[in-house]
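The sequence and model are shown first.

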Amino acid sequence: PVAHHWYGIMLMRTGHLTEALRELRHAIELEPVASAASAWLAEASYYGRRYADAIAYSRRALDLDPQRHGELARLGLAYELAGDLPHAIATFERMRRGPDADGAHALLAEAYARAGRLGAARAALREALRVAPHDEDTGFALIALGRRARGLAILRRKAAAGDHDTPVPDPRLEAFRYETVRHRNVPHPPAV
C-alpha cells in the first residue's frame with residue numbers, strides 16, 4: 001500500500017490525475033484504514049473535479065484521523081465547488097474553531113460571498129488580509145468580493161513562485177475561463 005500511495009502522490013504532482021486516482025484507490029484497497037491515502041485521494045479527486053469523491057474521501061480521512069485538520073479545507077472547497085454552500089460554510093466555520101483558524105478566514109470570505117452573505121464575507125476578508133494577506137485563498141476571496149485586480153495579483157505571484165503541489169490548476173480558476181469567451185455568447189457563471 002505504501003508504494004501505491006507514494007506513486008499516486010508522484011503521479012498527482014506531475015499532473016497525471018487519472019493514474020494517481022487509480023494508484024491511490026489501490027493503496028486504500030490494500031490498507032483501508034490509511035487516513036493519509038484517503039486524504040491524498042480526496043485531493044486528487046478535487047483537482048480532477050470529482051467533488052462527490054473528494055467529499056467522501058475527505059470525510060473518510062477525517063473519520064480515520066480527526067486530527068487531520070488541514071483536511072477540513074479540502075472538504076469545504078469540495079462542498080463549495082459541488083454547489084453545497086451551506087455545508088462548505090459549516091466546514092470552514094468548524095475549521096475556524098480549530099488549529100487552522102487563520103486559514104479559514106479567506107475560505108469563509110469566498111464561500112460567504114458566493115452565498116450572497118456580503119457583510120459576513122467582508123468581515124472574514126478583513127481578517128484574512130490581517131493574518132494571510134498574500135495567501136492564495138485570500139486571492140480567491142478578494143476576487144469573489146469584486147477586488148479582482150488585487151486577487152489576481154496574489155494568484156500570479158503564487159503561480160510564479162511555484163508554490164503548488166500539482167501542475168493542475170485549482171478548479172476555482174474555472175470561472176475565469178468563461179470570462180475569456182464571454183464575447184462568443186457562451187453562458188458564464190453569475191458574478192458574486
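Helix axes are lines fitted to C-alpha atoms over the stretch in contact, and angles between N-to-C directions run from 0 to 180 degrees. Helices (H or I, at least four residues) and strands (E, at least two) are DSSP runs, numbered from the N terminus. The model is predicted: local features need pLDDT of at least 70 and side-chain atom pairs count only at pLDDT 80 or more, while totals for chains, interfaces and linings use all residues. Residues are numbered from 1 along each chain as its sequence is written, and side-chain values use heavy atoms, with hydrogens and water left out.

**Overall composition**

The chain has eleven helices and zero strands. Of its 192 residues, 45% count as buried, where buried means under 20% relative accessible area, exposed over 50% and partly exposed in between (1.4 Å probe, protein chains only). Contact means heavy atoms within 4.5 Å. Among the contacts in the chain with a separation of 6 or more, residues 24 or more positions apart account for 47%.

| Pair | Angle | Axis distance | Crossing |
|---|---|---|---|
| α2 (residues 17-30) and α3 | about 155 degrees | 9 Å | left-handed |
| α3 (residues 35-47) and α5 (residues 71-81) | about 30 degrees | 10 Å | left-handed |

A crossing is left-handed if the near helix is turned anticlockwise from the far one by less than a right angle, and right-handed if clockwise. Angles under 35 degrees count as roughly parallel, over 145 as roughly antiparallel, 65 to 115 as roughly perpendicular and the rest as oblique.

With an angle of about 155 degrees between α2 and α3, α2 is therefore roughly antiparallel to α3. On the α2 side, Leu 17, Leu 21, Leu 24, Arg 25, Ala 27 and Ile 28 take part; they meet Ala 37, Ser 38, Trp 40, Leu 41, Ala 44, Ser 45 and Tyr 47 of α3. By class, this contact has ten nonpolar, two polar and one charged residues. Here Ala, Val, Leu, Ile, Met, Phe, Trp, Tyr, Cys and Pro count as nonpolar, Asp, Glu, Lys and Arg as charged, and the others, Gly among them, as polar.

The angle between α3 and α5 is about 30 degrees, so α3 is roughly parallel to α5. Ala 39, Ala 42, Glu 43, Tyr 46 and Tyr 47 of α3 make the contact with Glu 71, Arg 74, Leu 77, Ala 78 and Leu 81 of α5. Seven nonpolar, no polar and three charged residues form the contact of α3 with α5.

**Helices α4 and α5**

In α5, ten of the eleven residues are buried, including Glu 71, Arg 74 and Gly 76. The buried residues of α5 pack against α3, α4, α6 and α7. Gly 83, whose phi is positive, near 90 degrees, follows α5.

In α4, the buried residues are Tyr 51, Ala 54, Ile 55, Tyr 57, Ser 58, Ala 61 and Leu 62. These buried residues pack against α2, α3 and α5.

Is His 105 buried or exposed? His 105, found in helix α7 (residues 101-114), is buried, with a relative accessible area of 12%. Not counting residues up to four places away in sequence, His 105 touches Arg 96, Ala 124, Glu 127, Ala 128 and Val 131. His 87 lies in helix α6 (residues 85-96) and is partly exposed, with a relative accessible area of 43%. The C-alpha atoms of His 87 and Gly 76 are separated by 7.1 Å, the two residues being eleven apart along the chain.
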